[in-house]
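Dear colleague,

I am handing over the structure we spoke about, and below it you will find an account of what was found in it. Please read the text with the structure open beside you.

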Amino acid sequence: MPYQVTNKKLNEWVNDITELCQPEKLHWCDGTQDEYNLLMAQMVAEGRAIPLKKCPNSFLFRSDPSDVARVESRTFIATKNRESVGPTNNWVDTDELKQTMTALYAGCMKGRTMYLIPFSMGPVGSPISKLAVQITDSSYVVCNMHIMARVGTEVVAAINNGEDFIECLHSVGAPLQKGQKDVPWPCAPIEKKYISHFPEENSIWSFGSGYGGNALLGKKCLGLRLASAIAKREGWMAEHMLILRLINPQGKKYHVAAAFPSACGKTNLAMIQPAVPGWKVECIGDDIAWMKVAQDGKLHAINPEAGFFGVAPGTSYKSNPVCMELIKEGTIFTNCALTDDGDVWWEGMDGEKPLHAIDWKGNNWNPAHKEPAAHGNARFTAAAKRCPAICPDWENPQGVPIDIFIFGGRRSAVVPLVTEAFNWDHGVFLGATVASEPTAAVLDNVGIRYDPFAILPFCGYNMADYFQHQFDMGDKLKSKAPRIFYVNWFRKSQDGGWLWPGFGENIRALIWMCERIEGRAGAKQTPIGYVPEEKDLDLTGLSITQAKISELLSVDPEVWKAEIPKMEKFFSQFGDHLPARLRKQLDELKSRLSLNV
Ligand code: GTP
Ligand code: SPV
Ligand code: MN
């Protein structure tokens, strides 16, 4: 053991879990580079990890083909009463779920090592941070957690000092009998997978999956599902948001927090290289924001994570050069393709397709194959501190003051490039009606779905209460509240191509937002909010046809009228629980569209 654990609650929990899961060995993690190197070397020797010749200190993993993304149908929130989790979460009674899962955990770590990972979400000592310990039987998870969270003895010292910690239990759910040969990616079949949250006692039990948010418990489980419930109780916010600092040509700083659903552009916007000269962007976080009202009355945000678990496909020097530089070394790749010269590859990378590669399932692949070489949800894990665009204040324990909130989704029609909310309440309505088309980030997502505030799969309590919490935060922040905007980078033309070039060009929408705050940019009042006209946007140096710009900025009341019944249907599931203020916003939109209220 690299350190002494004197905290009674921690020792008792570890003893209980050891007895239940019956691991062969225990390993207390210290978070050092030596530990990381040792575990990686073991995984290479076992044939689980492939060292990449072209990419220093980087490794490729291939998951089991059944274990490639979050599974929302197997994600549960357990409480005493169903109403507290609302209609959009899978509810299970706490005692019932514990009984089911205790039976699954019995002996589940046989033949494996049980790792204990003390970690902090946020800088140790920040008033916004939280401590936790994850138990896992996956060394892949340990190495990823090293990058994604702050792991180490500092956390143990704080826990020994009596600071509270959150219990996060994880097993891949694949015990090894004596003499049984292991597989490269152990996991359990879908019906045995459980990603469970107990917000009433602040704990997480995950079983059966080794992938992403199912297994790296600091991410969605703690960072959002538990944290959102705690934030609601304590009067702060835990959001599925990137955080960035925008610096205008005069050196004025604006801090932006933006919520887009999974695989809808957060990492890309967080690392944007502005196409307009004179503007600079620094990255603070790419997925989760924890925000508290500070002494100055403004909302201050920290990134509770320490790394990026980003979508690989589509990442290129053209789309995201900062990211390509970041992942050149020291990166874990999962479900990418392997080239013959020992590099990773995925669809959407710069240059020609490789003539031959090994695909994410480990089979020979060439460009004639119909199936993609990398899985659609292939990911990279890379440390934030190594990001070339990281903000010098990214670990500031006080966080950064947020000026702008952005919501958005992937909509090939209907929604204009950028809209400004009339006021906070209208902004809450824009957030509550975020809708998006399916992506590969989640296994069981079909058709356009409402994903309010991009947090629907990650909200640990009743979404109707969440809406109310947003109104309450606005009441608390008053004139210091962030200005709210809505964006859609994904509108398509009749021929199916993107109308907007996206990526570095998205700065033009951000510039409009800053100029709106300064009272310098114009806008047209439409039924859905303020929308810029072509003259209001800085489009210098962009070659785009007038017709495309008009289509991008168009708001067609007839098309919007057709959205109303869908919104009503979505809201109706909350019944009387839906805040009256949200209902009022919908009624006001209807009357602006000349519909009967
Ligand atoms: P999660 O990690 O799942 O939360 O995803 P994310 O919201 O961080 O999405 P990410 O930035 O990884 O983008 C997902 C996919 O959308 C990638 O394939 C990107 O290349 C693509 N994408 C991101 N921004 C844009 C854009 O401005 N325009 C277009 N057309 N595609 C984009
Ligand atoms: C998401 O799906 O929003 C992700 C990936 O960021 S995961 O960590 O798997 O949740
Ligand atoms: Mn995400």
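**What was found**

Glu518 lies in the loop that runs between α12 (507–517) and β31 (524–526). Please keep in mind throughout that this is a predicted model. With a relative accessibility of 27%, Glu518 counts as partly exposed, and once its neighbours within four places in sequence are left aside, Glu518 is in contact with Lys252 and Tyr254. Pro392, by comparison, is 126 residues away from Glu518 in sequence, and the two are 25 Å apart in space, taken from C-alpha to C-alpha.

**The manganese site**

Which residues coordinate the manganese ion (ligand 3)? The ion is held by Lys220 through NZ, by His240 through NE2 and by Asp287 through OD, at 2.1 to 2.7 Å. Along the chain, the donors of the manganese ion (ligand 3) follow the spacing K-x19-H-x46-D. Lys220 belongs to helix α7 (residues 218–234), while Asp287 sits in the loop between β15 (280–285) and β16 (289–293), so the pair ties together parts of the chain that are 67 residues apart in sequence. As for the geometry, the angles among the 6 donor atoms of the manganese ion (ligand 3) run from 61 to 170°, and the site is irregular.

Are Lys220 and Asp287 buried or exposed? Lys220 has a relative accessibility of 6% and counts as buried, and Asp287, at 8% relative accessibility, counts as buried too. The cut-off behind this is that a residue is called buried when its relative accessible area is under 20%.

**Helix α16 and its partners**

Two helix contacts involve α16, and I describe them one after the other. In one of them, the axes of helix α15 (residues 564–572) and helix α16 (residues 580–592) come within 11 Å and cross at roughly 170°. Because angles over 145 degrees count as roughly antiparallel, α15 is roughly antiparallel to α16. On the α15 side, the contact is made by Ile564, Met567, Glu568 and Phe571, and on the α16 side by Leu582, Arg583, Leu586, Leu589 and Lys590. When the residues of the contact of α15 with α16 are sorted by type, 6 are nonpolar and 3 are charged, with no polar residue among them.

In the other contact, the axes of helix α10 (residues 424–432) and α16 come within 9 Å and cross at roughly 90°, and α10 and α16 are therefore roughly perpendicular to each other. Here α10 contributes Asp425, His426, Val428, Phe429 and Ala432, whereas α16 contributes Arg581, Leu582, Gln585, Leu586, Leu589 and Arg592. The residues of the contact of α10 with α16 divide into 6 nonpolar, 2 polar and 3 charged.

**Two residues with positive phi**

Which backbone angles might you look at next? Ala263 has a phi near 60°, which is a positive value in a residue other than glycine. Ala263 lies in the loop between β14 (253–259) and α8 (266–270), and at 23% relative accessibility it counts as partly exposed. Lys478, which is not a glycine either, has a positive phi of about 45°; this residue is placed in the loop between α11 (463–477) and β30 (483–487), and with a relative accessible area of 64% Lys478 is exposed.

**Further positions to look at**

Asp472 lies in helix α11 and counts as partly exposed at 33% relative accessibility. Although Asp472 and Lys232 are 240 residues apart in sequence, their C-alpha atoms are 9.9 Å apart in space.

Gly86 is found in the loop between β4 (75–79) and β5 (90–93), where it counts as buried at 11% relative accessibility. How far apart are the C-alpha atoms of Gly86 and Tyr461? They are separated by 6.6 Å, while along the chain the two residues are 375 residues apart.

Ser493, finally, is in the loop between β30 and α12 and, with a relative accessibility of 17%, counts as buried. Not counting residues up to four places away in sequence, Ser493 touches Leu499 and Glu551.

With kind regards

Methods: Residues are numbered from 1 along each chain as its sequence is written. Chains are lettered from A and ligands numbered from 1 in the order in which they are written. This is a predicted model: local features need pLDDT of at least 70, side-chain atom pairs count only at pLDDT 80 or more; totals for chains, interfaces and linings use all residues. Side-chain values use heavy atoms; hydrogens and water are left out. Donors are N, O and S atoms within 2.8 Å of the metal (3.2 Å for Na, K and Ca); water is not among the atoms, so sites may look incomplete. Four donors count as tetrahedral if all angles lie between 85 and 135 degrees; four count as square planar and six as octahedral if opposite donors are over 155 degrees apart and all others between 65 and 115; anything else is irregular. Helices (H or I, at least four residues) and strands (E, at least two) are DSSP runs, numbered from the N terminus. Buried means under 20% relative accessible area, exposed over 50%, partly exposed in between (1.4 Å probe, protein chains only). Axes are lines fitted to C-alpha atoms, for helices over the stretch in contact, and angles run from 0 to 180 degrees between N-to-C directions. Angles under 35 degrees count as roughly parallel, over 145 as roughly antiparallel, 65 to 115 as roughly perpendicular and the rest as oblique. Contact means heavy atoms within 4.5 Å. Ala, Val, Leu, Ile, Met, Phe, Trp, Tyr, Cys and Pro count as nonpolar, Asp, Glu, Lys and Arg as charged, and the others, Gly among them, as polar.
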